[in-house]
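Welcome to this short tour! Open your viewer, get ready to select residues by number, and follow along from stop to stop.

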Amino acid sequence: MSAERPILPPVRLHTEAELARDALAAPLLARAVRLARWAGPDTRVGAGGELVDAQLPAAAEHLGLAADEDGAAEASEAWRLAVDTGLVEVEDPETEPGADEEGFAEDAEGTVTAGENLALLTGGSPQDVLSIWLDGLEAAHADATAPVFDDFADLVGEDGSIDFDALDWDPETEAEFLDGVLGNLYLLTVGEGAGDEAVPLPALAASMIVPDDMGEPTDDILEQVSDAMMRLDDQFRVLEPIGIVEYRPVDEALLAEEGEESVPPADDDDVTRYGMVKLTPLGIYGIRARMLDAGVDAPAIGDLADKGADVLLGGIAYYPEAAARGEIELWLARHGADGAAGELLAAARGGDPQAPLRRLHCQQALALVGADAEPAVRAVLGDPELGGLARVWLAERGAADVPPPSEAMIFWLAIDTIAAQLEADGDLDELQGLVEGLSGQHSGFFDEAWRVDHPATGDVLEAMGRLHSDKKQAKDARKAAFKARSRGGSGN
């Protein structure tokens, strides 16, 4: 039942139905669908599956795009996504005399038919739609990390070969950098206390470049951040149409070439002119899916709903309070109140380091079960590990006939409560208040606390010695910790 601290905080995802609607509304996928339905027997494609140049004006017109190079490029991009996501199937051109290395003549043309996935977008489940969209996200990610060059002709040698070294491009490095940026954006979006605000592009770039222990960034570091910003500006422009981000691009005035006159924005201190980016709910889903595929622990609220109580209490051990409550609510909705309390209480037992946290979350869960939990709670009143928890729960509900706790149980519960907060790395001020409050409720607390038969007694008393603001009390706590560890069989 032990738990590991998750690398990332748990996220509350939108429902699959909501996410599927967002996916279908993503501009790039919507255009790809329209082109897939538009394509017919007369649609001609090149050897790589791309629309031939002669088809691009009609494709752009069908999409309502401008009849210019930009419109043709957007239509071509949408078509590539239709191919990559299986909305259309490309029938390769037949081999002809004079064909190239792959067996295709330079001017060979193929044809297309509707792909199986096209029907799934309207007749399939939300999971089907999201699966197709994720394929589209992979394609968009690949496009975003593709090399940027001003003139492709400069890369082509006399023999027709392409000099990839001249690109100064490492696909793995580019992909890792973008994934790192998206991971940081994910953390800023779903982390505890995170707001719903867009993130300035300079801050996102700096999070990947500037070392954590650096004070004033050097000129070299600042130049690297600037270069990263410009690359991210290009990448987010590519990623926005697939629906994972809302992006306000870098102000064109900042991109003006040196020596070119430009009118700066009225507010030179306006950070938004340097680019602002925000993950959408669909983006949170998509980035999490990519991280899961990469083996990253990226929990979502609801992951534990169909698990046992031991997995639930272990899994939420280090969750923020709101996330833990959300996971418990979904677990109870799945399991029902009948029998849930007994299962939770059984899972809360133990002497391992996470056991106090399990008991803390068990108490929170029992509060959500309500009156149905009372028989199971009363059944553990005599349990040395759960009896104190049971009395607190019953007292909070105003229950009658609650037997008073023994002095040993009071001290045990105090140690267990502080152990839970120490394991959770709670707020220091709150922890200090808890320490001073519990020790102040009983005169001579530290004269008795060292005798408590709890695995964490020594550690708790040592922590109380560090945290207590009263010097005498702090000294008494340290002495008590020494006594606890010296006591035979204390386990500390």
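Which side chain meets Asp-303 in a salt bridge? Select Asp-303 together with Arg-288, and you have the pair: their N and O atoms are 3.2 Å apart. Keep in mind as you look around that this is a predicted model.

**Stop 1: around helix 10**

Asp-303 sits in the loop between helix 10 and helix 11, while Arg-288 belongs to helix 10, so you are looking at a link between distant parts of the chain, 15 residues apart. Colour the two by accessibility, if your viewer can do that. Asp-303 is partly exposed, with a relative accessible area of 33%, whereas Arg-288 is buried at 10%.

**Stop 2: from helix 10 to helix 6**

Now select Arg-290 and Glu-138. Here the side chains form a salt bridge, at 2.5 Å from N to O. Glu-138 is in helix 6 and Arg-290 is in helix 10 (residues 281-293), so this pair ties together parts that lie 152 residues apart in sequence. Arg-290 is buried, with a relative accessible area of 17%, but Glu-138 counts as partly exposed at 38%.

**Stop 3: from helix 6 to helix 4**

Next, pick Asp-143 and Arg-80, a salt bridge whose closest N and O atoms are 3.6 Å apart. Asp-143 lies in helix 6 (residues 126-144) and Arg-80 in helix 4 (residues 69-84), so parts 63 residues apart in sequence are tied together. Asp-143 is partly exposed, at 35% relative accessible area, and Arg-80 is partly exposed, also at 35%. How many salt bridges does the structure hold? There are 19.

**Stop 4: an arginine without a salt bridge**

Move to Arg-391 in helix 16 (residues 387-396). Is Arg-391 buried or exposed? Arg-391 is buried, yet it has no salt bridge: the nearest side chain of opposite charge, Asp-383, is 9.0 Å away. Select Leu-381 instead, and you will find its backbone oxygen 2.6 Å from a polar atom of the Arg-391 side chain. Beyond its close sequence neighbours (within four places), Arg-391 also has contacts that include Val-402, Pro-403, Pro-404, Pro-405 and Met-409.

**Stop 5: a buried phenylalanine**

Finish at Phe-446, in helix 19 (residues 445-449). Phe-446 counts as buried, at 5% relative accessibility. Leaving aside neighbours within four places in sequence, its contacts include Leu-461, Met-464, His-468 and Ala-480. Then select Phe-411: the two C-alpha atoms are 9.9 Å apart, although Phe-411 and Phe-446 are separated by 35 residues in sequence.

Definitions and conventions:
Residues are numbered from 1 along each chain as its sequence is written. This is a predicted model: local features need pLDDT of at least 70, side-chain atom pairs count only at pLDDT 80 or more; totals for chains, interfaces and linings use all residues. Side-chain values use heavy atoms; hydrogens and water are left out. Helices (H or I, at least four residues) and strands (E, at least two) are DSSP runs, numbered from the N terminus. Buried means under 20% relative accessible area, exposed over 50%, partly exposed in between (1.4 Å probe, protein chains only). Contact means heavy atoms within 4.5 Å. Lys and Arg count as positive and Asp and Glu as negative; His and the chain ends are not counted. A salt bridge is a side-chain nitrogen of Lys or Arg within 4 Å of a carboxyl oxygen of Asp or Glu. A polar contact is a pair of N or O atoms within 3.5 Å; within protein, one must be able to donate a hydrogen and the other to accept it, and residues adjacent in sequence count only if both atoms are side-chain atoms.
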